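Please view the model alongside the text.

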Amino acid sequence: MSIRINLALQGGGAHGAFTWGVLDRLLEDEEIEIAGISGTSAGALNGAALKAGLVQGGRDGARENLDWVWRQVGAVGDMRLTTWMQGLEPGKIAQAIEYSLPFSVGDAWSRMVSPYTYGPFYRNPLRKIVEGFDFDRVCANEGPALFICATRVRNGKIKVFQGHDICTDAILASACLPTMFQAVEIPDSETGQVEAFWDGGYTGNPALYPLFSAQLPDDIVIININPLERDGLPITPQQIQNRINEISFNSSLLRELRAINFVQRLLEDGTMERGRMKHVLVHMIADDALMNELSVATKLVPTPFVLNSLKTAGQKAADAFLGQHKGRLNKESTVDLKDMFG
């Protein structure tokens, strides 16, 4: 008997390679069936690659497709000059990138110069990768239900793309950091007008509510790549900016988890009749210790060595999760929301 789950895939730039590793390990377990996927930014890339691969070639096809995507991400720009970093610990790599002259200049440039300044020379380096997706399979009725999150610039509300609305521009919109990329303009079926979109992390990283459908299982496994907690006080400009980014990109997820906790308490104490609202079972796969060693620099500079290290860490985290909690899936939450919000 299969264990049906939904996946909620966070965005976080190149740190999405951790999710690549988690998915690779989950796909090895033939008892696990992925029924629904909600993804934002890097999570949208992972989700689309996972679904297209599953539809085309099953579990092996999905793993191969994810490998292809992250090889492409690692090839963005010429990263050969970073091979000397391979002997360093993750935290040292993050510091080395942060304090390198090219990164410092690029970071300062992005704060002073709009991506619209480039005129006809502007290009989104992710477009070539996303255009390589087979959207007939990404949008297919078979396989997991797929939801991609972006943020409307005009009113700051979330937009969830699904079905045949998912296209190259929808995924690029989900990953559109406004200091780096021009807003992606797409006809919006909900508003009836052409809307500009920014990164979905501002409003849903990722959105959980599309996974509340009665046709989908109760279990939502969140692949978290933005640390919920950092014990050390950020004091350098880089540390402060990184923590601002993490807090803002976790805020929407925490709001939805708090709402789930509220409904769970109403159901458990009998205030709300069971069956009126879905009793969501929440799980999380993360490696906060590793992510605390990394920074915004390793999110923005996809060195192949860091990507492969993150993949390995994701595989280990998923393996540990399955070893500890697999028997609790489809039965109970493994995240204590009462403790989280107590």
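Predicted model: local features only at pLDDT ≥ 70, side-chain atom pairs only at ≥ 80, totals over all residues.

Is Glu-28 buried, exposed or partly exposed? With a relative accessible area of 42%, Glu-28 is partly exposed, because that value falls between the 20% and 50% cut-offs.

**Salt bridges**

- The structure contains 21 salt bridges.
- One of them joins Glu-28 to Arg-25, with 3.8 Å between the closest N and O atoms.
- Both residues belong to helix 1 (residues 16–28), where they sit three residues apart, about one turn of the helix.
- Lys-326 pairs with Asp-29, the closest N and O atoms being 2.7 Å apart.
- This pair ties together parts 297 residues apart in sequence, because Lys-326 is in the loop between helix 11 (304–325) and helix 12 (337–340), while Asp-29 is in the loop between helix 1 and strand 2 (32–40).
- Both Lys-326 and Asp-29 are buried.
- Asp-169 and Arg-127 form a further salt bridge, at 2.8 Å from N to O.
- Asp-169 lies in helix 7 (residues 168–174) and Arg-127 in helix 5 (residues 127–130), so their pairing ties together parts 42 residues apart in sequence.
- Asp-169 is partly exposed at 23% relative accessible area, and Arg-127 is partly exposed at 33%.

**Nonpolar cores**

- The largest nonpolar core has 64 residues.
- Residues with the most contacts inside this core include Leu-7, Phe-18, Leu-50 and Phe-133.
- Helix 2 (residues 42–74) supplies the largest share of this core, eleven residues.
- Apart from this core lies another of 18 residues, among them Leu-208, Leu-211, Leu-216 and Phe-341.
- Leu-7 touches residues including Leu-23, Leu-26, Leu-50, Leu-211 and Val-221.

- In strand 7 (residues 219–223), five of five residues are buried.
- Asp-219, Val-221 and Ile-223 are on one side of this strand, and Ile-220 and Ile-222 are on the other.
- Strand 1 (residues 3–9) pairs with strand 7 in the parallel sense over four bridges, and Leu-7 stands opposite Val-221.
- Strand 8 (residues 281–285) also runs parallel to strand 7, joined by five bridges; Ile-285 is the bridge partner of Ile-223.
- Between strand 7 and strand 8 the chain passes through helix 8 (residues 237–268), in a right-handed β-α-β crossover.

Definitions and conventions
Residues numbered from 1 in each chain as written. Heavy atoms only, no water. Core = buried A, V, L, I, M, F, W, Y, C linked by side-chain atoms within 4.5 Å. Buried < 20%, exposed > 50% of the residue type's maximum accessible area, 1.4 Å probe, protein only. Helix = DSSP H or I, 4+ residues; strand = E, 2+ residues; numbered from the N terminus. Contact = heavy atoms within 4.5 Å. Pairing = 2+ DSSP bridges. Right-handed = clockwise from strand over helix to strand, strands pointing away. Salt bridge = Lys/Arg side-chain N within 4 Å of Asp/Glu carboxyl O. Lists of a residue's contacts leave out its neighbours within four places in sequence.
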